[in-house]
Amino acid sequence: MSPQSALRSLPVWAALERHYEEIRDVHLRDLFASDPSRGERLAAEGAGLYLDYSKNRVTDETLALLRRLAEETGLAERTEAMFRGDRINVSEDRSVLHIALRMPKGRSLVVDGVDVVAEVHEVLDRMAAFSDQVRSGEWKGHTGKPIRNVVNLGIGGSDLGPVMAYEALRHYADRDLTFRFVSNVDSTDFAEATRDLAADETLFIVCSKTFTTLETMTNAQTARAWSLAALVDEAAVARHFVAVSTNADEVARFGIDTANMFGFWDWVGGRYSMDSAVGLSTMLAIGPDLFREMLAGFHAMDEHFRTTPYERNLPVLMGLLSVWYGDFFGAQTSGVMPYEQYLKRFPAYLQQLTMESNGKHVTLDGREVDYETGAVFWGEPGTNGQHSFYQLIHQGTKLIPVDLIAFGKALNPIRDHHDLLLANVFAQAEALAFGTAEADAPYRVFEGNRPSNVILAERLTPYALGTLVALYEHSVFTQGAVWGIDSFDQWGVELGKVLAKRIIPELESETEPELKHDSSTNELIRRYREMR
């Protein structure tokens with residue numbers, strides 16, 4: 001038997017294992033009955049968010065042990081290292097500074113002799129000037145018409161963040177502009193996004209740091225051809241394309257004026273980039289002032305995470321609860337259910353943030369882990385999910401902790417809709433926790449004891465969106481620090497890319513290629529060639 005990992009060798013880990021055996025069968029009904037003030041006591045506030053974590057299967061001892069776990073695994077030291085700009089992304093030897101993207105102008109953070117905050121605001125100011133030109137109609141396309149359509153071309157963090165933010169903040173968007181997002185290399189994605197658009201009124205934002213990302217650049221070349229089919233003159237590219245990239249040579253070769261190239265840095269991972277130049281489409285939609293309001297929300301949660309004691313620290317509490325359920329209760333998945341239609345893409349955004357960050361099987365020093373790391377993350381807006389998968393959460397055999405997100409005020413108040421919506425949030429949390437054992441048939445029994453967090457904010461604003469995203473960013477960070485893994489690399493996406501590049505010429509070859517894959521892959525390639 002191989003020796004235990006450093007994490008599982010900690011006395012506090014052994015104490016948590018013993019404690020789990022003691023409380024694993026304790027019901028939330030009993031925890032509330034023995035502590036009438038539990039609902040008020042096990043709650044925390046920060047950066048405009050209220051977290052009720054009382055309906056979790058924890059006691060004061062559980063929480064104390066989890067805080068000790070955070071302390072003994074160096075969460076505080078790792079947090080300060082990130083905020084200092086240390087190279088905590090060890091496999092890529094990079095700093096991790098998405099927190100610098102939302103620091104206020106005038107603050108300073110010097111890394112390797114460079115004030116990164118000053119660089120961030122130089123790009124933000126250029127984005128704002130460009131956004132103002134487009135939104136006012138001052139920026140003209142090749143034929144002299146103003147821009148009415150904006151199409152963002154990206155993939156991964158260069159798509160999920162912008163799509164989520166646009167949908168989340170659509171209430172604040174300029175309705176004279178149409179926004180579309182193309183990520184999939186499946187040609188249908190591009191065809192449907194552009195089918196009803198006029199090329200002379202359409203601006204493409206090509207989001208690719210290297211300007212070599214296969215899917216994005218395939219779509220960019222298609223967009224270029226689509227535009228020139230209508231506009232003919234190659235000079236039109238410079239009026240209808242801008243780049244979010246750092247590769248000036250490739251951007252210029254494409255035909256984009258490098259004055260309209262908005263850069264970002266190696267210390268920004270894709271899934272942490274929606275508040276960088278990758279968010280150009282967001283700024284075009286809501287304007288520079290509201291974009292800065294969103295950044296202020298991010299920064300408020302950054303400061304809350306960095307400075308608040310763990311017993312009142314929202315991201316730390318949520319991160320430690322995730323460790324508790326994954327490593328001790330064996331929960332494989334985690335649900336996020338926003339009771340806000342504008343947040344319909346928030347679960348998809350969080351899937352990348354959580355699973356690309358903590359889907360790791362080795363520690364920072366390269367040792368195989370002997371404990372569970374990242375959970376499968378999923379969800380849908382309420383109340384829709386209640387009529388599809390909540391059945392499994394309530395009465396299935398799997399333990400699925402869920403986050404229920406809600407807002408006190410509706411952005412589109414109509415009759416009693418919002419009261420009904422919020423009644424469902426509170427009812428679901430209550431039903432999950434307490435269930436009902438009294439029923440006239442076994443299939444009517446709800447055993448309860450299903451954990452949930454309820455996250456409340458006053459209203460979905462750009463500021464509130466910033467705080468929510470940063471809340472989950474730092475929860476992910478907390479989990480990664482405890483597990484001793486690198487939450488900021490993503491080597492797991494590389495192998496498929498490498499193999500795809502090998503297979504592409506085999507699919508496109510005019511003559512029958514010699515195939516040297518496994519028998520399954522070889523046969524699939526042959527079948528596709530025959531179909532094509």
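Author: The largest nonpolar core has 125 residues, and W324, F346, L465 and Y472 are those with the most contacts inside it. Helix 18 (residues 462-483) gives the most to this core, with twelve residues. A second, separate core of 23 residues includes F190, F204, L231 and A243. The model is predicted: local features need pLDDT of at least 70, side-chain atom pairs count only at pLDDT 80 or more, and totals for chains, interfaces and linings use all residues. Residues are numbered from 1 along each chain as its sequence is written, and side-chain values use heavy atoms, with hydrogens and water left out.

Reader: What makes a set of residues a nonpolar core?

Author: A nonpolar core is a set of buried Ala, Val, Leu, Ile, Met, Phe, Trp, Tyr and Cys residues joined through side-chain atoms within 4.5 Å. In soluble globular proteins, nonpolar side chains tend to be buried together.

Reader: Which residues does Y472 touch, and what counts as a contact?

Author: Contact means heavy atoms within 4.5 Å. Not counting residues up to four places away in sequence, Y472 touches M318, V336, F346, L350, L353, F377, D403, I405 and I455.

Reader: Why is D489 called buried?

Author: Buried means under 20% relative accessible area, exposed over 50%, and partly exposed in between (1.4 Å probe, protein chains only). D489 has a relative accessible area of 7%, and is therefore buried. D489 is placed in the loop between helix 18 and helix 19 (494-508). Leaving aside neighbours within four places in sequence, D489 is in contact with N89, S91, E92, R271, E356 and K360.

Reader: Why is strand 5 described as largely enclosed?

Author: Helices (H or I, at least four residues) and strands (E, at least two) are DSSP runs, numbered from the N terminus. Five of the five residues of strand 5 (residues 149-153) are buried, so the strand is largely enclosed by the rest of the structure. In a regular strand the side chains alternate between the two faces of the sheet. From strand 5, N149, V151 and L153 point one way, while V150 and N152 point the other way, and all are buried.

Reader: How do you know that strand 5 pairs with strand 6, and with strand 7?

Author: Two strands pair if DSSP finds at least two bridges between them. Five bridges join strand 5 to strand 6 (residues 178-182), and these strands run parallel; N152 stands opposite F181 in strand 6. Strand 5 and strand 7 (residues 202-207) also pair in the parallel sense, over five bridges. In strand 7, L203 is the bridge partner of V150, and T202 stands opposite N149.

Reader: What makes a β-α-β unit right-handed, and which elements form one here?

Author: A crossover is right-handed if, with the strands pointing away from the viewer, the path from the first strand over the helix to the second runs clockwise. Strand 5, helix 7 (residues 157-168) and strand 6 make such a right-handed unit.

Reader: Why are strand 6 and strand 9 said to stand at the edges?

Author: The open sheet of five strands has the order 6-5-7-8-9, with parallel pairing. Strand 6 and strand 9 (261-262) each have a single partner strand, so one side of each is left without a neighbour in the sheet.

Reader: How does the span of helix 17 compare with the expected value?

Author: The expected span is 1.5 Å times one less than the number of residues. Helix 17 (residues 417-434) has 18 residues and reaches 26 Å from its first C-alpha to its last, close to the 26 Å expected. Just after helix 17, G435 takes a positive phi of about 55 degrees.
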